[in-house]
Amino acid sequence: MRTAVHERYGAPDVVRITDADDPVVGEHEVLVRVEATVVGASDSAGRSGTPRFARLFFGLTKPKHPVLGSDFAGLVERVGARVGRFAPGDRVFGTVAPSTGAHAELLKIAEDGPIVHVPEQLDQAGAAAIVDGFLTALPFLRDVAKVRPGQVVLVNGASGTVGSAAVQLAKHFGATVVGVCSGANEPLVHSLGADRLIDYTRDDFTDARGTYDVIFDAVGKRSFGACRAALTDRGIYLTTVPSGAILLQAPFTRWLSRGRRAAITFTGLRSAQAKAADLALLVELVERGALVPVIDMVVPFDDIVEAHRRVDTGHKAGSVVVAMTAVREQAAARGEAAS
């Protein structure tokens, strides 16, 4: 099989396509022929080795995970002798996070892991695109903030992978949603369900006072200190990006403060069973029309370096999908049908 590997930290062009042995599948495992995967912020960090604390996971001096990628969609190639839920030819999607290896033509995963059948409403590119944002945003909003009807939730970075999922989920939970993005992305965020929009190039949402029950900084650009006054008296600030400050503020404000608090959760480290259950919920929401994927661009596997370059700009809207040949042909066919 072909894989995308990087053997040293650096710019996108350290990634190259090479050949590798096919995975050996155990009796409880599923082998997936990957048709679509994603390059996201974690892949950028794993490739570049920045921020520096990322190397605690990816390797201190050189990459210990040469094949990146966690989220995938594809066809079941074959199954182990004791697998009962899947059969060759099934359309499936899921994640191997916190492990990597999805930037490859073949990927193995345990049958009881975070893998489910793709709903009819999604093509393979959409299935791969929706995984990371949903599995990140859901635990923050449902489990940590406990978002409920009547609350006002602000999502900073509302057009990104996690932010676009957060807008839709907060709306699903019954909240009034305020999306922060650039003016160019306002139509997209509005279409996802945002009730109000703030163009960060013109206005600073932290100028508000006592306004938001939840501030979800999906891009890690604003600190708890900057956002604190904009929260209601019992409001909560959430961030996806770990820092020394938030790692101190989260326990301090949780246990010692009766007012505004800060929180972070490491969604990628949750159990495979928890992720599998959430993927089942994701399928349900997609089938009900409550959640849609947002795709910034689709690039062929041979051009995966371009996907890394796009992610490194910090200005993508939704997910950057890397597609294998079959997905590109499907996309072309859809374009011809539309014309």
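This is a predicted model: local features need pLDDT of at least 70, side-chain atom pairs count only at pLDDT 80 or more; totals for chains, interfaces and linings use all residues.
Figure 1. The largest cavity holds about 70 Å³ of space, and the second largest cavity has a volume of about 40 Å³.

**Figure 2. Lining of the largest cavity.** The largest cavity is lined by 13 residues. Among them, A129, I130, T161, S164 and V294 lie nearest its centre. Helices α3 and α4 each supply at least two residues of this lining. By residue class, the lining of the largest cavity has eight nonpolar and five polar residues, with no charged residue.

**Figure 3. Lining of the second largest cavity.** The residues that line the second largest cavity are A4, V5, H6, V15, P66, L68, H103, I304 and H308. At least two of the lining residues come from β1 (2-5), and at least two from α9 (304-313). Six residues of the lining of the second largest cavity are nonpolar, three are polar and none is charged.

**Figure 4. Packing of helix α3 on helix α4.** The axes of α3 (residues 124-144) and α4 (residues 161-172) come within 8 Å of each other and cross at roughly 50°. The two helices, α3 and α4, are therefore oblique to each other. Their crossing, that of α3 and α4, is right-handed. On the α3 side, the contact is made by D132, G133, F134, T136, A137, L138 and L141. On the α4 side, T161, V162, A165, A166, L169 and A170 take part. The residues of this contact between α3 and α4 comprise nine nonpolar, three polar and one charged.

**Figure 5. Packing of helix α3 on helix α8.** The axes of α3 and α8 (residues 272-287) come within 10 Å and cross at roughly 105°. Helices α3 and α8 are therefore roughly perpendicular to each other. From α3, the residues in contact are I130, V131, F134, L135, L138 and R142. From α8, they are K275, D278, L279, L281, L282, L285 and V286. The contact of α3 with α8 comprises ten nonpolar residues and three charged residues, with no polar residue.

**Figure 6. Surroundings of V144.** V144 lies in helix α3. Leaving aside neighbours within four places in sequence, V144 is in contact with P139, I236, L238, R261, A263 and T265. One of these residues, A263, is 119 residues from V144 along the chain, and the C-alpha atoms of V144 and A263 are separated by 7.6 Å.

**Figure 7. The second largest pocket.** About 240 Å³ of space lies in the second largest pocket. Of the 16 residues that line this pocket, A145, R234, G235, I236 and R261 lie nearest its centre. Elements that give two or more residues to the lining are β11 (212-217), β12 (231-239) and α7 (244-256). The largest share of the lining of the second largest pocket, four residues, comes from β12. By class, the pocket lining consists of seven charged, six polar and three nonpolar residues. I236 and R261, which lie among the residues nearest the pocket centre, are also in contact with V144.

Methods: Residues are numbered from 1 along each chain as its sequence is written. Side-chain values use heavy atoms; hydrogens and water are left out. Axes are lines fitted to C-alpha atoms, for helices over the stretch in contact, and angles run from 0 to 180 degrees between N-to-C directions. Angles under 35 degrees count as roughly parallel, over 145 as roughly antiparallel, 65 to 115 as roughly perpendicular and the rest as oblique. A crossing is left-handed if the near helix is turned anticlockwise from the far one by less than a right angle, and right-handed if clockwise. Contact means heavy atoms within 4.5 Å. Ala, Val, Leu, Ile, Met, Phe, Trp, Tyr, Cys and Pro count as nonpolar, Asp, Glu, Lys and Arg as charged, and the others, Gly among them, as polar. On a 1 Å grid over the protein atoms alone, a cavity is a set of points where a 1.4 Å probe fits but cannot get out, and a pocket is an open set with protein on both sides within 12 Å along at least five of seven lines; lining residues have an atom within 4 Å of a point. Grid points are joined across faces, edges and corners, and a volume is the space filled by probe spheres set on the points.
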